[in-house]
Amino acid sequence: MSEQDKRSQRGDESFEPIPGVQGIDAEGAKPMAISVDDEPGHDKSYSQGQLVRRRFFRHKGAMASIVVLAVIVVVAFTSIGIGPIPGWWPYDYTHAGTVVNGGSPTWQHPFGQDTIGKDYFALVMRGTQQSIIIAVGVGLISTFLGTVIGALAGYYRGWIESVLMRLTDLFIIIPLLVFAAVVGKIASGWGIWGLTLVLGAITWTGLARLVRGEVLSLRERDFVTAARAVGTGAYRIVTKHVLPNAIGVIIVSATLTIAQAILLETSLSYLGFGVQAPDTSLGLLISEYQNAFTTRPWLFWWPGMMILAIALAVNFLGDGLRDAFDPRQNRSKD
Amino acid sequence: MTTLDISTEGEAGYRSDAVLSFEDLHVRFGTEFGTVHAVKGISLDVQPGEVVALVGESGSGKSVTSMTALGLLPSNAKVSGTIRVGDKVVGDLDLRGLRRMRGNDVAMVFQEPMTALNPVLTIGDQLTEALQLHGIAFGKLADARAAELLHMVGIPEPERRLKQYPHELSGGQRQRVVIALAISCDPKVIIADEPTTALDVTVQADILDLLRSLKDKLNTGILLITHNMGVVADMADRVAVMLKGDLVEMGTADQVLNHPQHEYTRKLLGAVPHLGSGPGQFGTSDDHAGEGVTEAVERPALDLRNLVIEYQRLGKPPFRAVDDVSFEVHKGEIVGLVGESGSGKSTIARCALGLIPAASGSVSIFGTDFGRMRKRELKDLRKRIGVVFQDPAASLNPRMPIGECIAEPLVVHQVGDATSQQERVYELLDAVELPRAAFNRYPHEMSGGQRQRVSIARALTLDPELLVADEPTSALDVSVQASVLQMFTHLQERYQFACLFVSHDLAVIDLLAHRVVVMQNGKIVEQGLRSEVLHDPREEYTKRLLAAAPVPEPGEQRRRREARHELLRSLGDQVAELDYDGGVIKSLKPGAGTGVDPHTRDGGVPGA
């Protein structure tokens, strides 16, 4: 037996990630290139991160969306600049100029001009900026809230879970738009930050439920029991052992929340409860110029297309991430 | 690799009437990472009334081979070669033909009877479904046939059982139902894929008896897939050994198990712990001179006094999982806790870790009672206890590198700084014979045996004085188990920790325990020194357990089997066998066989 043991030691040293490796065989000599009873992809020697990246980069829709999103973000933020930093676009979204060519798109004003001669490209870019800031902000806030609430409820169970989950139910039964409109109106004094905060504070419910479910199953796993047996505290167990294993669910859900937030913000602004003039957002632009649809359609189409592009791209991104994290949902192609 | 076929040389004519044959079978799987060649040119046949055991460790391709006979592989598998079931060639059949063949010509007995049966259908529904689909019997007739089948496999009160759901039956009975399903259409060959792996030893022995009588009485061929050499010795006429998709050796059970030719077979057999051989196997130390010496000198590391553990149930009285259990574990001593599933052994292990509270009685660790401790004290105490769980894949955090995992107890208890912690991890990696390069690896990059070494290293990080090991080797292949056990005993001698070793495998306990505690249904049946309990048992239950554990030597196993049947008869139980009076299945006469006395006969499934 001592011979066998030496062999297995030698075998242990060959650690290179060989595709299809399932384990050290009985001879202990070399890792075996086999993969049998288990579903494929179960025991590969790629790190989990590598696997996810690999699948993600193969997802054509997600890759295209990343390019589209990157272009939109870069153009939106560099063209008119943010805050004190000026952009490369010569016109300002607040500045009314002389109306050229009846306001329809020209080389000078590619997106056209509005009724009082403001450059529409600058306006749309400003709207896009606001929408993106709100969406990302909402995504961060609601992901944070949802994760914390879901993790607390799932890990502690008992009365904590009852209270938190009933609270979640309460948020869910109130129609989102009405709630957002009422609270958003109150918070609109703080500008888009207030709106972001409010939207973030009411869109966490779905993620909280998802995370709770995930934590409920993770907390019963042996490695959590092992950690508890060692004397690990609750905070460390949740942050080091439980949440990293739920990261897939969280990331995917965060992306989809961002897409949801963009649409929510535009709906609110369209209804007049969101971003207020003189500032602008994509929803507000559409609502202002909805009557211009027949006479000067570009005033409607540009912001509309922009909303569509951002929301679609983010959704595709979320799809790609979900497929990357959970390939079982999408195995039909093989 | 060459196949050492030493059995079927002069029997060329014999081959033609094989009920199942594989010729030059190749199976390839297309995966994300290219093609995996899982089965590499296997030729094998099964004769009527013969049991051929396909043996190999996990990943050797044995299950894949068997699945090709049913045409049940996933769509990314490519199969080449010829598979014959009776006179049909599986590759030539369309979906309709395949469906007709499954059940009629070849049937399957699965590993886990709970998942092989549909939980929302009654036993009767599932049995009659098979009969009706294959046009064997309909309506009332089918019900009668189903009852008859249950009666045949030794399930008492078959008419009542037909209306029950799978969860209402015990594990052994469920597996009997699965077998009844398999024989319902009188197949020529049955593929049994690890049919007893999920079962307790006593139940396993019964199921094996049943399968044996099935091939004798119905002349069915059986392809038995297993990793358990004891089961092979008990059942097989011929044995085929698989390694990495190749057939490395084939021959009669006696040839392969007693005179193995191939190096791998010898290694495999050498790694099986042999019940009755005691310590000293696989180079583990057999120096148990210190047995029982440490007693009474110091306070015991673990002291259970009249321990009762209850699980609360909604709207019902609590379930008493452990009832009035008392025993001690001393420094430098391994106490083996043995019992079948549901005996409460894992519950005790969890209670000893302070994860489950005791309903009454006390659990004292180094003289302090768990129940009376404050949080702070509990944390300090946990420093002195290590734990190893059954499934290494589940007990390591998949998102944490090995090094961090092993260092976790140090971080939690704030022992040392980053450098000294890393030093300690390297030291432990050396101790469990893993390369230091493993520090930055993730658990899924390692094999099962390596992962279990990591678990053991983590358990030893803080130099615990008490180690609780809950079935630490039962998820491992035998050869891996052998090296892990060897390492374990060496570490125990080096660090002299007290150890509570929970296992259902008597051979493993025999190999390393100093003292043994046998449990049944939450109560202690027998406890004492290993040599007394395992080699000279006094209690009936211990005798049954020992008699049911198979050993990997056909001759000895036959003697043991007969001795067990003797024991069962002397205890007033019956030996499990197929209750079959000839012609019932084949003639399909309604009512035939109902004349058989339907006396209840549980075939001796104690505690099941």
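This section describes the sheets, domains and helix packing of a predicted model.

Chain B contains an open sheet of 4 strands, arranged in the order 3-2-5-6 with antiparallel pairing. Strand 3 (34–46) and strand 6 (88–89) of chain B each have a single partner strand and stand at the edges, so one side of each is left without a neighbour in the sheet. Within this sheet, strand 2 of chain B, which spans residues 20–31, is joined to strand 3 of chain B by 10 bridges in the antiparallel sense. Helix 1 of chain B, made of residues 62–70, lies across strand 2, strand 3 and strand 5 (77–85) of chain B. The direction of helix 1 of chain B is at about 110° to strand 2 of chain B.

A further open sheet of chain B is formed by 4 strands in the order 13-12-15-16, and its pairing is antiparallel. Its edge strands are strand 13 (316–329) and strand 16 (368–369) of chain B, each of which pairs on one side only. Strand 12 of chain B, covering residues 302–313, pairs with strand 13 of chain B in the antiparallel sense over 8 bridges. In this pairing, Asp303(B) is found opposite Glu328(B) of strand 13 of chain B.

The domain assignment divides chain B into domain 1 (47–60 + 95–272 + 582–587), domain 2 (300–384 + 462–551) and domain 3 (399–460). Taken over C-alpha atoms, the centres of domain 1 and domain 3 of chain B are separated by 42 Å.

Helix packing is considered next. Two packed helices are described by the angle between their axes and the distance between the axes. In chain B, helix 4 (residues 123–133) packs against helix 7 (residues 171–183) at an angle of about 20°, and their axes are 9 Å apart. The angle makes helix 4 of chain B roughly parallel to helix 7 of chain B, because angles under 35 degrees count as roughly parallel. The crossing of these two helices of chain B is right-handed. Helix 4 of chain B contributes Ile123(B), Gln126(B), Leu127(B) and Ala130(B), which meet Val177(B), Ala180(B) and Leu181(B) of helix 7 of chain B. By class, the residues of this contact comprise 6 nonpolar, 1 polar and no charged.

Another pair in chain B consists of helix 17 (residues 448–460) and helix 18 (residues 478–495), whose axes cross at roughly 15° and come within 10 Å. Helix 17 of chain B is therefore roughly parallel to helix 18 of chain B. Here too, the crossing is right-handed. On the side of helix 17 of chain B, the contact is made by Gly448(B), Gly449(B), Gln452(B), Arg453(B), Ile456(B) and Leu460(B). Helix 18 of chain B supplies Val480(B), Ser483(B), Val484(B), Phe488(B), Leu491(B) and Tyr495(B). This contact of helix 17 with helix 18 of chain B has 7 nonpolar, 4 polar and 1 charged residues.

In chain A, helix 4 (residues 120–156) and helix 5 (residues 158–173) have axes that come within 7 Å and cross at roughly 145°. The crossing of these helices of chain A is left-handed. Ile149(A), Leu152(A), Ala153(A) and Tyr156(A) of helix 4 of chain A meet Gly158(A), Ile160(A), Glu161(A), Leu164(A) and Met165(A) of helix 5 of chain A. The residues of this contact divide into 7 nonpolar, 1 polar and 1 charged.

Methods: Residues are numbered from 1 along each chain as its sequence is written. Chains are lettered from A and ligands numbered from 1 in the order in which they are written. This is a predicted model: local features need pLDDT of at least 70, side-chain atom pairs count only at pLDDT 80 or more; totals for chains, interfaces and linings use all residues. Two strands pair if DSSP finds at least two bridges between them. Two residues are in contact if their C-beta atoms, placed from the backbone, lie within 7 Å. Axes are lines fitted to C-alpha atoms, for helices over the stretch in contact, and angles run from 0 to 180 degrees between N-to-C directions. Domain bounds come from an automatic or database domain assignment. Angles under 35 degrees count as roughly parallel, over 145 as roughly antiparallel, 65 to 115 as roughly perpendicular and the rest as oblique. A crossing is left-handed if the near helix is turned anticlockwise from the far one by less than a right angle, and right-handed if clockwise. Ala, Val, Leu, Ile, Met, Phe, Trp, Tyr, Cys and Pro count as nonpolar, Asp, Glu, Lys and Arg as charged, and the others, Gly among them, as polar.
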